Amino acid sequence: SAVFNWEDPLASAELFTEEELAIQDTARQYCQERLLPRVLDAYRNEDYDRKILEEMGEIGLLGASIEGYGCAGVSTVASGLITKEVERVDSGYRSGMSVQSSLAMTGIYEFGTEEQKQRFLPELAKGKLSGCFGLTEPNHGSDPGSMETVAREHPTKKGTYLLTGSKTWITNSPIADLALVWAKLETTGKIKGFIVERSRCPPGTFETPAIKNKSALRASITGMIQMDDCPVPAENMFPDVEGLTGPFTCLNSARLGIAFGTMGALEDCLARAREYSLERKQFKGNPLAKYQLVQKKLADAATDAAYGTLAAVQVARLKDAGKATPEMISMVKRQNCDRALVNSRILQEIFGGNAASDEYHIGRHVANLFVVQTYEGQSDIHALILGRAITGKQAFV
Ligand code: TGC
Ligand code: FAD
């Protein structure tokens with residue numbers, strides 16, 4: 001007969017294939033055995049270990065849903081489960097993986113020429129090359145359509161573009177071999193995607209200073225991209241895609257990953273809060289877990305994690321069937337980020353003063369989840385995307 005499992009209250013595992021379950025197990029084992037032991041030092045010292053990308057590449061976690069080019073070609077659900085396991089450890093580690101897989105690799109896979117795919121995807125899949133995604137600028141975050149970065153044709157060298165402008169808050173930029181940069185063509189004013197190879201940029205034309213002393217996501221590395229007449233060969237431009245459809249197609253993939261990932265972080269908060277509440281005793285030797293107010297906090301978090309996982313799985317299945325819309329992705333990205341942040345913050349209370357010690361991990365998740373709610377479209381921006389779809393009226397401007 002059926003048994004209630006607090007770790008998977010609505011039995012989401014019933015919806016996964018054998019292969020998906022095996023992939024989740026592999027990812028969980030790697031994350032718990034190799035990432036978890038490093039995370040406290042990484043977070044304390046803001047020290048992202050570049051080797052992580054290669055380790056992930058070795059077990060097929062990078063660009064996992066891409067078919068061919070050395071990628072695993074798994075379902076979107078399996079890819080989501082990988083993301084969930086990484087973020088169960090830390091959102092910053094998931095960030096490092098997401099920009100490589102969902103943003104840089106997806107962009108090249110969806111919009112690159114066959115030559116670009118052959119050249120870059122297998123090395124990115126192995127983690128031998130690292131990639132980043134430059135959309136946000138110092139003056140344009142939620143509104144990337146107003147970007148100022150420009151690509152102009154070289155005055156004398158035919159077949160070369162010169163990129164000038166600044167991108168900021170770019171995950172992995174300081175360690176990236178390749179930057180997928182979105183810039184407006186000077187001639188048309190239309191946004192185009194360029195693969196900028198660091199090794200081909202003359203000194204002073206492409207700089208990626210790190211942004212240090214972050215108050216969250218400290219286990220990931222973040223920086224700027226500063227381009228000053230940076231020469232990029234025309235063969236490194238995506239030939240056909242134009243406008244925001246390019247970057248947003250990559251974001252659709254990364255945002256759905258976040259819908260899964262945040263549920264991993266929330267489940268970790270729940271498991272840790274549950275364990276703590278069973279051990280910690282206050283008032284006549286009772287464990288905190290015996291008190292109704294504490295139980296409500298655990299019940300709320302377990303419910304939201306279970307609902308959020310089911311919703312992400314549904315959208316992932318629809319995506320593989322070609323039936324997912326960007327609005328569905330906005331809905332699960334927004335809801336799962338919001339619920340993970342609210343619940344993790346409430347679960348934090350169960351730890352009392354100990355929550356202030358990083359050894360309990362909960363404070364790190366809470367700080368991270370605030371950023372996850374902000375990047376890839378801040379939560380309110382996704383509300384406006386949904387509002388537009390519901391009413392037919394856009395409220396951005
Ligand atoms: P809008 O008029 O809505 O659309 C412009 C064009 O883009 C197309 N489009 C999409 N295409 C595919 N998928 C989507 N989700 C799409 N959304 C829009 C649209 O069809 C249109 O095409 P066309 O051919 O008609 O030109 O554009 P807007 O300028 O009004 O945009 C408004 C808004 C708010 C929706 C958009 O700008 C937005 O989503 N802003 C949030 C910005 C954002 O998400 N930035 C993310 C930066 S990358 C990042 O954060 C990575 S963190 C990674 C990590 O560390 O994990
Ligand atoms: P703003 O756009 O200035 O928004 C500030 C606030 O105003 C938000 O709450 C927003 O919802 C609200 N707001 C804005 N416009 C409206 C409106 N019309 N109506 C109502 N409310 C509005 N970007 C990349 O391109 N690549 C990356 O790899 C990347 N990694 C990141 C890593 C980290 C650690 C962080 C912090 C950010 C990263 N980002 C990246 C940038 C991220 O996508 C942006 O921070 C995000 O899109 C929000 O933009 P903004 O910070 O400029 O905020």
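Modeller: A helix here is a DSSP run of H or I with at least four residues, numbered from the N terminus. The model is predicted. H9 is followed by Glu376, and the phi of Glu376 is positive, near 60 degrees.

Biologist: Which residues of H9 are buried?

Modeller: The buried residues are Ile362, Arg364, His365, Val366, Asn368, Leu369, Val371, Val372 and Gln373. They pack against H1 (18-45), H4 (91-111), H6, H8 (326-348) and H10.

Biologist: Why is Glu46 called partly exposed?

Modeller: Partly exposed covers the counts between the exposed limit of 12 or fewer and the buried limit of 20 or more. Glu46 has 18 other C-beta atoms within 10 Å, so Glu46 is partly exposed. The loop between H1 and H2 (51-58) holds Glu46. Glu46 is not a glycine, yet has a positive phi of about 50 degrees.

Biologist: What makes Asp300 partly exposed?

Modeller: Asp300 has 16 other C-beta atoms within 10 Å, which places this residue in the partly exposed class. Asp300 belongs to H7 (residues 292-320). Its C-alpha atom is 28 Å from that of Arg218, a residue 82 places away along the chain.

Biologist: How do you know that S4 and S5 pair?

Modeller: Pairing needs at least two bridges found by DSSP. S4 (residues 150-153) and S5 (residues 160-171) have 4 bridges, in the antiparallel sense, and so count as a pair. One of the partners is Tyr161 in S5, bridged to Glu153. The hairpin has 6 residues between the strands, and Gly159 takes a positive phi near 80 degrees there.

Biologist: How do you know that S9 pairs with S5 and with S8?

Modeller: The same test applies, with at least two bridges required. S5 and S9 (residues 222-233) run antiparallel and are joined by 9 bridges. Within that pairing, Leu162 has Pro231 as its bridge partner, and Leu163 stands opposite Cys230. S8 (residues 206-207) is joined to S9 by 2 bridges, also in antiparallel fashion, so this pair meets the requirement of at least two. Gln226 in S9 is the bridge partner of Glu207.

Biologist: What makes a group of residues a nonpolar core, and how many residues does the largest one have?

Modeller: The members must be buried, of nonpolar kinds such as Ala, Leu or Phe, and joined through C-beta atoms within 7 Å. The largest such core has 107 residues, and those with the most contacts inside it are Ala104, Leu121, Leu163, Phe194 and Val196. H6 (residues 245-279) gives the largest share of this core, 14 residues. Leaving out residues up to four places away in sequence, Val196 touches Leu163, Leu178, Ala179, Val181, Cys201, Phe206, Cys230 and Val232. In soluble globular proteins, nonpolar side chains tend to be buried together.

Biologist: Which residues are closest to ligand 1?

Modeller: Among the 25 residues around ligand 1, the closest are Ser95, Gly145, Leu244, Phe248 and Pro326. H4, H6 and H10 each supply at least two residues of this shell, and H6 gives the largest share, 5 residues. The shell divides into 12 nonpolar, 11 polar and 2 charged residues.

Biologist: Which residues come nearest to ligand 2?

Modeller: Leu135, Thr136, Gly141, Ser142 and Gln378 come nearest, out of 21 residues around ligand 2. S3 (131-134), S5, H9 (362-374) and H10 (379-391) each supply at least two residues of the shell.

Key
Residues numbered from 1 in each chain as written. Chains lettered and ligands numbered in written order. Predicted model: local features only at pLDDT ≥ 70, side-chain atom pairs only at ≥ 80, totals over all residues. Near = placed C-beta within 6 Å. Contact = placed C-beta atoms within 7 Å. Nonpolar A, V, L, I, M, F, W, Y, C, P; charged D, E, K, R; others polar.
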